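Morning, everyone. I have a short walk through one structure today. Please bring it up on your screens.

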Amino acid sequence: MTFRLLAISLLAGVAFGQVPPAGVPANIGTPPPPENNTDPSYRLVPGDSVSVNVYAEPDMSAAQRLDSSGILRLPMVGEVKLGGLTVREAEMELENLYRQRELLKAPLVSLSVSTYAIREVSVLGAVRSPGNFQFPKETTSLDIVDLITRLGGFTPTAKSDAVSVIRRKPDGKEEVTTVDVERMISGRKRGDASRRDFAVFPGDRIWVPERLF
């Protein structure tokens, strides 16, 4: 009698959602957290190949590369500009878009970068290892002092207080900035909290002139 009552109780629990049947997880109605190994603070750039996964909606998922304008084309949505957004901001942007267009009531989007765009900066002139330097994974900028250090530092004849950084602006025009890297290095050695860093971005060209004796 006791065994029969226990069996009836278990069956009733399953019927009313109180006890899950064997082999079925208790949180079957709760979406699993999306797997994403990409740093959520990483900022997307044109050329990145990304995977967009929408939970329980495989037809809306896609794997594509951001075009030269940072635009991604998604099923049922069309073109969406994600370049310049962090991974987390891009996920929130897509979730809001699905809600606004009444495609999904409670979308759960996971975005990850499968292949990073090549990010290089050209450094020529009086440095020990001139040439193209490729940015580390998930890095979108480098301090100029750190960059020069990675290249072995300046040569003894370098005019390190007049380093030229050539950068192409969005309108296509080039902008040249003269940077006193020598002063920045000296400030670091002194522990000067007021020193200023100078960020270098992919596509920049750096020229280190030599001193005239």
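**A walk through the model**

Let me start at Ser49: this residue is buried, with a relative accessible area of 18%. Keep in mind that the model is predicted.

Where is Ser49? Its place is in strand β1. Look at what surrounds it. Leaving aside neighbours within four places in sequence, Ser49 is in contact with Gln64, Arg65, Ser112, Val113, Ser114 and Thr115. Take Gln64 from that list. Ser49 and Gln64 are 15 residues apart along the chain, and their C-alpha atoms are separated by 5.5 Å.

Now the sheet around it. It is an open sheet of 3 strands, in the order β2-β1-β5, and the pairing is antiparallel. Which strands stand at the edges? They are β2, residues 62-65, and β5, residues 109-115. Each has a single partner strand, so one side of each is left without a neighbour in the sheet. From one strand to the next, the twist averages 25 degrees.

A quick reminder on sheets. Strands pair through backbone hydrogen bonds, either parallel or antiparallel. Here, β1, residues 49-54, pairs with β2 in the antiparallel sense over 4 bridges.

Helix α2, residues 87-100, lies across β1 and β5. It runs at about 135 degrees to β5.

Now follow the chain past β2. Asp67 sits in the loop between β2 and β3, with β3 at 71-74. Is Asp67 buried or exposed? It is buried, at a relative accessible area of 19%, because the cut-off for buried is under 20%. Its side chain makes two contacts to point out. A polar atom of the Asp67 side chain lies 2.8 Å from the backbone nitrogen of Ser69. The Asp67 side chain also reaches the backbone nitrogen of Ile71, at 2.9 Å. Not counting residues up to four places away in sequence, Asp67 touches Pro46, Gly47 and Arg73.

On to aromatics. How many aromatic pairs does the structure hold? It holds 2. I will show one of them, Tyr42 with Tyr116. Their ring centres are 5.1 Å apart and their planes stand at 85 degrees, so the pair is edge-to-face. Tyr42 lies in the loop between α1 (2-15) and β1, and Tyr116 in the loop between β5 and β6 (120-125). So the pair ties together parts that are 74 residues apart in sequence. Tyr42 counts as buried, at 2% relative accessibility. Tyr116 counts as buried too, at 18%.

Last stop: helix α4, residues 181-190. Which residues are buried there? Val181, Met184 and Gly187 are. They cover an arc of only 120 degrees around the axis, which puts them on the same side of α4. What do the buried residues pack against? They pack against α3 (144-150), β9 (163-168) and β10 (174-179).

Asp180 caps the N-terminal end of α4, with a side-chain oxygen 3.4 Å from the backbone nitrogen of Glu182. After α4 comes Gly191, and its phi is positive, near 70 degrees.

That is the tour. Thank you.

Conventions:
Residues numbered from 1 in each chain as written. Predicted model: local features only at pLDDT ≥ 70, side-chain atom pairs only at ≥ 80, totals over all residues. Heavy atoms only, no water. Pairing = 2+ DSSP bridges. Helix = DSSP H or I, 4+ residues; strand = E, 2+ residues; numbered from the N terminus. Axes fitted to C-alpha atoms, helices over the stretch in contact; angles between N-to-C directions. Contact = heavy atoms within 4.5 Å. Phe/Tyr/Trp six-rings, centres within 6.5 Å; stacked < 30°, edge-to-face > 60°. Buried < 20%, exposed > 50% of the residue type's maximum accessible area, 1.4 Å probe, protein only. Arc of directions from axis to C-beta. Polar contact = N/O pair within 3.5 Å; in protein donor to acceptor, adjacent residues only side chain to side chain.
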